[in-house]
There are 2 protein chains.
Amino acid sequence: MVSRTQRGRRPGAPDTRAAILGAARTRFAGHGFGGTTIRAVAGDAGVDAALVHHYFGSKADLFMAALQLPVDPREVIAPVVAGGPDGAAERFLTVFLGVWDDPELQPTLVAFVRGVMDPSASRLLSEGFLPVVLQPVGEALGIERPELRMPLVASQVIGLILLRYVLRVEPLASMPSERLVATYAPTIQRYLTGPLP
Amino acid sequence: MVSRTQRGRRPGAPDTRAAILGAARTRFAGHGFGGTTIRAVAGDAGVDAALVHHYFGSKADLFMAALQLPVDPREVIAPVVAGGPDGAAERFLTVFLGVWDDPELQPTLVAFVRGVMDPSASRLLSEGFLPVVLQPVGEALGIERPELRMPLVASQVIGLILLRYVLRVEPLASMPSERLVATYAPTIQRYLTGPLP
């Protein structure tokens with residue numbers, strides 16, 4: 001069982017929290033992660049920057065809260081990273097498919113993927129999710145050239161998600177996750193640690 | 001240079017052709033390729049089934065016309081198939097990236113991908129494009145278990161398209177196509193002809 005994301009670390013007035021999250025999502029979608037400041041989000045929401053920090057923590061934490069994912073991918077991936085690069089692909093696919101196969105989480109995750117395909121939100125993925133979540137995973141694993149290798153991993157994982165969960169293409173949609181892990185692990189492991197041109 | 005699709009094989013009244021294509025697209029999106037008949041499309045468009053055949057040829061030809069792609073993928077892939085399974089991944093990636101990197105074709109292709117991500121159109125890909133285009137490629141190549149292997153190929157190729165062309169994630173977006181071919185060919189070739197669990 002995967003723990004749900006704790007949405008923010010302290011309780012706060014629901015309207016203020018919602019206003020901050022809405023402003024954050026718009027900023028991150030329009031300006032990317034790097035082009036967004038806590039100060040700008042606070043200004044858009046009509047609150048003090050200190051309150052944004054108080055409710056949501058760091059900019060990365062605010063970003064994750066704004067994505068409104070049903071799980072925090074950084075928590076899910078932590079044990080994968082802790083095991084080091086050997087066998088990381090198999091551990092990653094096992095944990096990752098476990099989350100996606102959870103019927104309680106899947107509808108929200110599918111909606112999230114559909115959402116970031118929209119042109120207005122695409123920077124949430126390309127200039128947010130990848131640098132905030134994926135890049136640190138590569139660095140923590142200690143692999144070479146994570147700035148190249150993690151997007152390669154993403155290109156295979158996103159394609160698998162689309163066919164299995166969003167478009168429901170057979171036989172991928174109905175395949176037991178153990179077989180998917182065995183099928184895709186060599187690809188992901190090569191992208192993580194194998195020789196590349 | 002890639003030849004453009006010949007839209008239908010004979011000239012016809014533009015309004016009638018457009019009505020047939022609109023009806024076909026709606027049918028294929030709602031019922032999939034298998035659940036759509038030429039007769040039903042003709043009925044929706046208020047014309048005789050013979051006229052649909054006359055303008056567009058077979059159901060597969062009508063489907064390709066309804067997708068309104070700037071190139072016919074069956075034509076693009078023909079020389080890849082003709083070379084047989086050895087080295088097919090490298091030939092496929094070279095031809096495929098050549099089409100996608102063509103600045104005249106790319107905007108229409110990106111719009112197509114965005115379109116099939118929409119829930120109302122997703123059956124165009126899962127129950128149309130994959131069985132009509134991809135499955136015959138696997139069969140023509142003479143590979144084992146094409147019904148499993150071609151979706152694996154699709155899962156990597158779609159992910160690459162999304163990151164490079166739709167979401168424009170670096171370094172994939174700016175990478176020379178030759179390097180992408182060398183990076184992804186081992187993955188695609190394993191899916192086509194390698195050992196699988």
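Leaving aside residues up to four places away in sequence, it touches Gln156(A), Thr187(A), Arg190(A), Tyr191(A) and Gln156(B). Keep in mind that this is a predicted model.

So where does Thr187(B) sit? You'll find it in helix α10 of chain B, which covers residues 177-193. And is Thr187(B) buried or exposed? Its relative accessibility is 2%, and the cut-off for buried is under 20%, so Thr187(B) counts as buried.

Now let's zoom out to the two chains. How many residues are in contact? On chain A there are 38, and they meet 38 residues of chain B.

What about polar links? Between chain A and chain B we count twelve residue pairs in polar contact, both residues at pLDDT 80 or more, but zero salt bridges.

Which helices of chain A do the touching? At least two residues each come from α7 (106-117), α8 (122-141), α9 (146-166) and α10 (177-193). The largest share is from α9(A), with twelve residues. And if you sort the side of chain A that touches chain B by class, you get 24 nonpolar, seven polar and seven charged residues.

Definitions and conventions: Residues are numbered from 1 along each chain as its sequence is written. Chains are lettered from A and ligands numbered from 1 in the order in which they are written. This is a predicted model: local features need pLDDT of at least 70, side-chain atom pairs count only at pLDDT 80 or more; totals for chains, interfaces and linings use all residues. Side-chain values use heavy atoms; hydrogens and water are left out. Contact means heavy atoms within 4.5 Å. A salt bridge is a side-chain nitrogen of Lys or Arg within 4 Å of a carboxyl oxygen of Asp or Glu. A polar contact is a pair of N or O atoms within 3.5 Å; within protein, one must be able to donate a hydrogen and the other to accept it, and residues adjacent in sequence count only if both atoms are side-chain atoms. Helices (H or I, at least four residues) and strands (E, at least two) are DSSP runs, numbered from the N terminus. Ala, Val, Leu, Ile, Met, Phe, Trp, Tyr, Cys and Pro count as nonpolar, Asp, Glu, Lys and Arg as charged, and the others, Gly among them, as polar. Buried means under 20% relative accessible area, exposed over 50%, partly exposed in between (1.4 Å probe, protein chains only).
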